[in-house]
Amino acid sequence: MAEFFEQTLQPHFNFWIYVILMMIGLWALIAKNNLIKKLIGMSIFQTAIILFYVSLGVKEDATIPILDPYGQAEHAAAEAEGAETEGEKKRDSYIGKKSPDPDTMANPLPHVLMLTAIVVGVATLGVALSIAQMIFKEFGSLEEDEILEIVKGGSVDD
Amino acid sequence: MIFAFDIIILVFLVIAAIISLSVKDLLSASMIFGIYGFLICLLWAEMGAVDVAFTEAAVGAGISAVLMVATVFNTKRKSSD
Amino acid sequence: MTDQIPAILVLAPLFGAMIIGLAGQKDHRACFPVALVSLLVTLFASIGAIFTVIESGPIDYFMGGWEKPLGIGIHLRIDSLNVILLVAIAIVAVLVAIFSIRRIGDKNAEKTPHFYSLYLLLCVGLFGITIAGDAFNLFVLVEVSSLTSYGLIAMGSSRRGTLAAFNYVLMGTVGASFYLLGVGYLYLMTGSLNMQEIHSIFVANPDIASSKAVAISFILILIGIWIKMAFFPLYGWLPNAYSYCPSSSACILAPLMTKISVYVMIRVMISVFGLGWVFASPGYSNLVVWLAVIAILAGSMLALAQREIKKMLCYLIVAEVGYMVGGAWLADEQLWGLTGSLYHILADAAMTLCLFLAAGIFAKRFNAIEIDDLEGLFKKAPWTAAGFVVGALAMIGVPPTCGFFSKFYLIRGGIEANHWEYVIALLISSLVNAVLFFRIFEIAFFGVKPSEGHGHHEEEEAELKEEHHPEIPNWTGTSSLLVASAFVILLGIFNGKVVELIRVALEDLTVVAQRF
Amino acid sequence: MRLPNMFAIIAVVITGGILLYGVSDFPSFGDPKSPANAAVPGSESVSQYFITKSYKDTKVPNLVTSVLADYRGYDTMFETVVIFAAGMAIFAILGSVGGGSQPRVQEEGPSFVDGDHSRIIVGTTCRLLVPVIQVFALYVIGHGHYSPGGGFQGGVILAASFIIIALSSDLDAALRRLSEVNYLRLACVGILIYAGFGVLCQVLESNFLDYGVLQPILLTDGPEMARSHSMLGVEIGVAFTVTAIMFAIYANLSSRGTLRDGL
């Protein structure tokens, strides 16, 4: 059990959860009867994909992808130690000259892609909700089986 | 990234997803969906994706939930499943 | 100027849409001219692109000037494979815009600016998809075109159309999400999003190309695109969505959306994974061809069972998608199947446009929703009828039209690849099309027995919210229909030139694939 | 068990199985040397390029902003277009719902507005809160170069401030501040600002969105600072569109397209 956890589960835990979330969303999309519930399922489905992408960009012990171009952190650390001049020296040498070590910083590219995906998600949700409101106005219900019954029953009169 | 924190949030995420899909009151479902959005925002922040976390906080926990609540108010609160 | 063509193709309709958003609110009459001008600009740009590509090879365009290393910026590419498609999109867009002049204005005048800006944004999406050289950029543009098509379908839907539109939103989102996930798997394994770069990484590292994750990424991308193109098991959303929406929307969506997805599939197969990799194990390509065979047969049979004209045409689209997917996966040595499939994208766009325009005119002027309503209409509207007949003959595959030649190339590919089941399915489908359309011709020329099928008349009439205007001779609609039918015939007559262009493109692109 | 349930379970199991099958082949989670984070043999790593070179290219410390608005600016433009298209689609769809004459279906259960007392407290609090939120939104838009944030996040927060006005008093109060005509204009202008920056680069004989050539217009020292400033302009364009459309979506959804009453 412990071995399974160490070898299989731990290195890929995020990926496992993304699959589980995605399947919850997919199941809701297909099996749920209420249209709003379907939309919640759709959103969960999309966030699962975002979870997958963001997990790609994670590095062990890495910081956020925002540089510290003026060396403020180092400056503060140096100041705390009382060596003020050294901190300033470090700051001067830093600007535009030293490039950061890529392993210490999370990968920014998946974050950028996912900003776009989140926006697309909320746009789709808005359109789908407006269609749901239109369905409710037409049929007076948000349950798929009731709507299908009304459609099949031929009591269609605009 | 802290692994224990990661696991806790992920487990909560799955729980929130299941609850928001199984509650019969659609208003509660939308609110729990907002909680889901907030949890996922925490997860992004924990994984170092601060910009994504910010967006998710504004969109997932904010706008999406509000839009859903607006629709639920204009339609029906009860659902069969 | 020619090096800016890729940007112009996308930007002209985008600016048009914004100008309509700003000015169209005040004066609805401003909408159509702006739309037409921006579409004509794209038409000229795409024709310019054809000459540039033939003269000096592919046009590469790097957004923001970020060229090196490949993949940091966004790469647009026009090569001989997609340049013909660009022209086809531009022509269809212009024709449908002309067709839609008085259709939208009649009923909901306040929606005119919305319709035209959505229409132009849809064109932005389609052009962008066609020229995209970046896998993620493709996703964004697919979403642009999907969101606009959700709007176009739902905006004037009849009562039953709303649920169809909702299902379309769900299915479209799932399809796009699967595509996105597949791209994520590719990024995970290769670290790049640029199609060319991914391909060269596969060529350089066979161990990456043969890993499980890459195979799954291909499956996910395929499933996503198949949902978007309504391939056989995943076609459920298409017929209702396209048949209950306003005819102007149906006329632009039916000829272009599914075909663009087929193009995306072929582009991914050739430029990202490489044909050598895709066809490496014959088991999978046989499976897809069998699925295509089922799609063709099921689409044809379901079309036979329909009473409404538009629904019948929608099921025929499902069958046609089967033609194209099957042709692309035939995997014969000379790639005649792929050639036929690419040619069929153009041919099918032309003939579907023809049929949908004719169906739209019939519905609008004579309120003819069902096949039986067509009774005697060929005498009342001879020009529309002529366009409909040309489209129908192309669908059946009668020689001078383009439908015959695309079937010819597809069957040639099928025979060379020893996929007799595909050949037989094509022939059966042609036979079914012949039965279908000659039944319609018979009704339309000679009338139908009065006892049959007038029961649902009033109901259906009320259902489709289109007005009855027999007195208006809709010359805009008829003229765009006639131009479209002229294209059906011209594409057939000049099939040699078009196929030559496609063969050159395939040879260029598969030389790269041979390196596997 | 109903039929769609069986179908759903089969579909979910098959898809999940395929996905999990692929997971076992992945590089492990958090590995800095995985292909996505570092180079594959035979190619230069894109993400490492962004981390090591983007500050030199653009002088923007927030890598996400520089990649979003410059390297992948074309994507971001279409992200804004997606929002715009969604807004247009919603206006087009809900416009037909129209009417609004029939009374809202009131469900059983507690009513949503509890009389006047809470309304005073809520209204006053929100009135105090709104300016703070708006200033914060402007900060988020403007400070996106140095901290998390940017046009999209700031735009959503700005839209949220209008939504709060609509929630605390009513939709009319919010629409008085940002009317239907104005939000549509604002949305169009936002995208025109974005695309305008790109076209300006084309006019100066470079590629679309190649901000570096704007240096003589923006009067900056060096093309890097021109890129940095243009990114700010582009983010403002995004913020315009997002603010307008997000508020518009809420206004349409909450009033069923009539833009009256609201919640």
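Q: What makes the meeting of the side chains of C:Asp134 and D:Arg72 a salt bridge?
A: In this predicted model, the N to O distance between the two side chains is 2.8 Å. A salt bridge requires a side-chain nitrogen of Lys or Arg within 4 Å of a carboxyl oxygen of Asp or Glu, so the pair C:Asp134 and D:Arg72 qualifies. The count between chain C and chain D is one salt bridge.

Q: Which element gives the largest share of the side of chain C that touches chain D?
A: Helix α6(C) does, with eleven residues; helices are DSSP runs of H or I of at least four residues, numbered from the N terminus.

Q: How much area do chain C and chain D bury between them?
A: The figure is about 5100 Å², with 72% of it on carbon and sulfur atoms. Buried area is the accessible area (1.4 Å probe) that two parts lose on being put together, summed over both.

Q: Why are A:Glu144, A:Ile147 and A:Val151 of α7(A) said to lie on the same side of the helix?
A: These three residues of helix α7 (residues 144–152) are buried, that is, under 20% relative accessible area, with exposed meaning over 50% and partly exposed in between (1.4 Å probe, protein chains only). They cover an arc of only 65° around the axis, and are therefore on the same side of α7(A); the arc is that of the directions from the helix axis to the C-beta atoms. On the other side, A:Glu149 and A:Lys152 are exposed.

Residues are numbered from 1 along each chain as its sequence is written, and chains are lettered from A in the order in which they are written. Local features need pLDDT of at least 70, side-chain atom pairs count only at pLDDT 80 or more, and side-chain values use heavy atoms.

Technical notes
Helices (H or I, at least four residues) and strands (E, at least two) are DSSP runs, numbered from the N terminus.
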